[in-house]
Amino acid sequence: MRDSLELALTDLAGAIAFPAPSPAFAARVRARIEAAPAPAEPVWGRWRRWASAPGGTRPFRRSLLIAVALLLVAATVAAAIGLGLPGIRILFGPPPSTAPSATVRPSGPAVSLAPGARLGLGEQVEVAELASRAAFRVGYPTDPLVGPPDSAWIDPRKNAQVVLVWRTRPDLPATTEPGVGMLLGQFNGRYDEGMITKMIDSGTKIERIRVGDNAGLWISGAPHFFFYETADGRVIDDTRRWVGDTLLWTYGGLTYRLETALGLEEAIRIAESLR
Amino acid sequence: MTVEGRPLEDAELIERARRGEVMAYEELVRRYQDVAVRAAHVIAPDGDAEDAAQEAFVKAYAALGRFRTGSPFRPWLLRIVTNEARNRRRSAGRRTGLALRAAEDRPLGDAAPSPESAVLAHEARVTLVGALNLLRDEDREVIGARYFLDLSEAETADALGIPRGTVKSRLSRALGRLRAGLVDGNGRATDA
């Protein structure tokens, strides 16, 4: 039996100004984990076994692990900024992981993979199937430089976002991902004025630009990753490694993300050719 | 996250997280983020409860290898949240304590009281929270765990890192000091 003081305390629980977790709480925890230098013990053990397993790819495995370790050590500070694009929240910092896509074995022969297969972009689909598989009308660049994409991906875990990938060519210089000349991501996002607008000094540069009549951002320099909010309020963390300087813009309720080594002027020209 | 529409048990999510499935851990975070933020606020009301709770979840992930299989996740997690919030409280200077929400923020389901009784009830809460904020951290923690987080005695012991046998006596002493504070009229107003 509770006495009057205990009843009053129980009543008080409903009157205290407790803070509520932000919508991006879980996604941020995940991003921090993926950028953290100390993974859970069993995971590390598994990676160590994987790195030291006999086989022709052992030197590659060790190199990859060392690269991951260096990136994680560098991941001491990440900064966040919210910008005036619908549903975009960008976190600056080292890429959370260079681990290959779950759909592809790390030791698999790279030459046989579709471009973008190592980036964890989701499920590969035929370009011709996109019209029926995607949740929205997919736009394609009509700029003659670009041509049709070489692979297409839909990620059901990330609000069915679509990513088109082009192979490296003489006129499409390589991004930081071998074999990938350009990426074009497309997804539904919702503008939220409440998104945090906080910036900490980082090596990433941002320019506000225009793509036709639409606002956009050119993000270059240090690696970055971001969250966006869907129309039904879910926060999607898209923390895969970005492969190059990035043009972000919105049009017709969709947000587009073009990653390329071509430079800003070319990127805007390609973006404006989207139909 | 479901298997054939069935929500996964904590234990399954923990096992998957141990195998490196961060998505499984993210589901656990969603389940316990409310109580974690609340707990961080109870322990360190002047700190950034969200950041403390996030940091605790990150540390809990790194410590999953030490989690005892089969034991409940919530008190184990709250122990880490408590430690994180206590560390931050030590380094924080100013102390204002818990605050009341504005009266108009009461849940919609609450029956509308008369203006007089509403004022009296609000004043009583202001006095109570004021007296609570004057208690020692140790007393406020155990009261907060039991009445604000609604933890059982066993969960309170695990979350606060004290022996199970002492929760009851510590709570009793804390309530006694709170009563004494109210009688002495030490409950100063702390309103949002």
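Good morning. In chain B, Glu153(B), Ala154(B), Thr156(B) and Ala157(B) of helix α7(B) meet Arg164(B), Val167(B) and Lys168(B) of helix α8(B); two residues are in contact if their C-beta atoms, placed from the backbone, lie within 7 Å. By type, the residues of this contact are three nonpolar, one polar and three charged. Here Ala, Val, Leu, Ile, Met, Phe, Trp, Tyr, Cys and Pro count as nonpolar, Asp, Glu, Lys and Arg as charged, and the others, Gly among them, as polar.

The model is predicted: local features need pLDDT of at least 70, side-chain atom pairs count only at pLDDT 80 or more, and totals for chains, interfaces and linings use all residues. Residues are numbered from 1 along each chain as its sequence is written, while chains are lettered from A and ligands numbered from 1 in the order in which they are written.

Helices (H or I, at least four residues) and strands (E, at least two) are DSSP runs, numbered from the N terminus. Two packed helices are described by the angle between their axes and the distance between the axes. Axes are lines fitted to C-alpha atoms, for helices over the stretch in contact, and angles run from 0 to 180 degrees between N-to-C directions.

At what angle do α7(B) and α8(B), residues 164-183, pack? The angle is about 100°, with the axes 8 Å apart. That makes α7(B) roughly perpendicular to α8(B); angles under 35 degrees count as roughly parallel, over 145 as roughly antiparallel, 65 to 115 as roughly perpendicular and the rest as oblique.

Helix α7(B), residues 153-160, also packs with α4(B), residues 73-91: their axes come within 7 Å and cross at roughly 40°. The two are therefore oblique to each other. The crossing is right-handed; a crossing is left-handed if the near helix is turned anticlockwise from the far one by less than a right angle, and right-handed if clockwise. Among the residues of α4(B) that meet α7(B) are Trp76(B) and Arg79(B).

Let us turn to the two chains together. Their contact takes 30 residues from chain A and 38 residues from chain B. On the side of chain A that touches chain B, the largest share, eight residues, comes from α2(A). That side divides into 21 nonpolar, three polar and six charged residues.

Helix α2(A), residues 25-35, packs with α3(B), residues 49-62, at an angle of about 50°, the axes being 9 Å apart. These helices are therefore oblique to each other.
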